[in-house]
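Please read it with the sequence and the structure at hand.

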Amino acid sequence: MIYKIYPLLVFLLLSFGKDSKNTSELKNATTKTFAKVEKTLTVDAKIENIYSSLKLNANNFNVPELRTFSEALKGFYLLKERGKIQKDILTLIDFSLSSNTKRLWVIDLTTNTILFNSLVAHGRNTGEEFASAFSNTNSSFKSSLGFYATGEIYQGKHGASLRLDGLERGYNDNARERGVVVHGADYVSEAFIREHKRLGRSQGCPALPVELTAEIIQTIKDKSCLYIYHPSRTFIMEEKLIS
């Protein structure tokens with residue numbers, strides 16, 4: 001039996017000896033893989049710590065789901081690293097939730113506190129009470145998902161409004177051309193919900209309650225991160241990020 005095993009061992013030893021280049025490449029690849037896994041674990045642990053802190057500093061607001069917050073924060077880190085955003089302010093909109101609930105959060109990541117938790121409208125062709133259909137096309141009257149950088153304030157037909165620049169190619173990069181902005185609207189209110197059994201809808205803009213609009217857009221203007229989430233979309237922002 002030994003005489004059958006011995007040649008095999010010799011062959012394996014010689015193979016490893018001859019192909020030291022492949023062995024080195026394999027070692028390097030393995031090291032990189034472990035480093036990537038370790039980095040992912042570190043980021044996830046950091047996000048969980050921030051989320052715990054956020055719940056403690058919620059200012060009596062509801063908090064977003066951990067999964068949604070985690071996606072938003074990972075995108076925030078990447079955008080900050082690439083210089084696409086400048087402020088440590090994250091605005092998160094969860095379009096998986098009913099429009100009758102407060103599904104927008106403005107979060108200060110320097111103190112891990114929730115500054116605002118508000119109603120927010122989706123586009124009229126995106127759905128009734130729940131958002132379900134999205135588009136990056138002009139005149140679709142649909143909302144667009146993904147990551148945005150906030151722009152400048154201007155005076156429009158809805159009063160003070162905030163321009164948005166979509167940062168994901170094919171998902172929301174037509175936002176400025178489409179006129180998708182943050183603005184206030186009378187149909188974003190508890191009174192409208194009581195009368196119509198759902199929130200009013202926009203032409204694709206994330207519209208806010210009139211009484212909160214000025215304060216929110218002053219807080220998030222000029223290169224902060226805004227993320228619109230929906231579970232129908234896989235988290236692939238890094239692949240689609242506009243350079």
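## The second largest pocket

The second largest pocket has a volume of about 300 Å³, a volume being the space filled by probe spheres set on grid points that are joined across faces, edges and corners. On a 1 Å grid over the protein atoms alone, a pocket is an open set of points with protein on both sides within 12 Å along at least five of seven lines, whereas a cavity is a set where a 1.4 Å probe fits but cannot get out, and lining residues have an atom within 4 Å of a point. Of the 21 residues that line this pocket, Lys157, His158, Gly179, Gln203 and Cys205 are the closest to its centre.

By class, the lining of this pocket holds 6 nonpolar, 11 polar and 4 charged residues, where Ala, Val, Leu, Ile, Met, Phe, Trp, Tyr, Cys and Pro count as nonpolar, Asp, Glu, Lys and Arg as charged, and the others, Gly among them, as polar.

## Basis of the model

The model is predicted, and local features need pLDDT of at least 70 and side-chain atom pairs pLDDT 80 or more, while totals for chains, interfaces and linings use all residues. Residues are numbered from 1 along each chain as its sequence is written, and side-chain values use heavy atoms, with hydrogens and water left out.

The mean pLDDT (the predictor's confidence in each residue, from 0 to 100) of the chain is 87, and 81% of its residues reach 70 or more. Over residues 1–18, however, pLDDT stays under 50, and the model has 1 contact (heavy atoms within 4.5 Å) beyond four places in sequence for them.

## Cavities

The structure holds 2 cavities of 30 Å³ or more. The largest contains about 40 Å³ of space, and its lining divides into 6 nonpolar, 3 polar and no charged residues, including Tyr148 and Pro206.

The second largest cavity, with about 30 Å³ of space, is lined by residues among which are Thr91, Pro206 and Ile216, and its lining has 8 nonpolar, 1 polar and no charged residues.

Leaving aside neighbours within four places in sequence, Cys225 is in contact with residues including Leu79, Leu90 and Tyr148.
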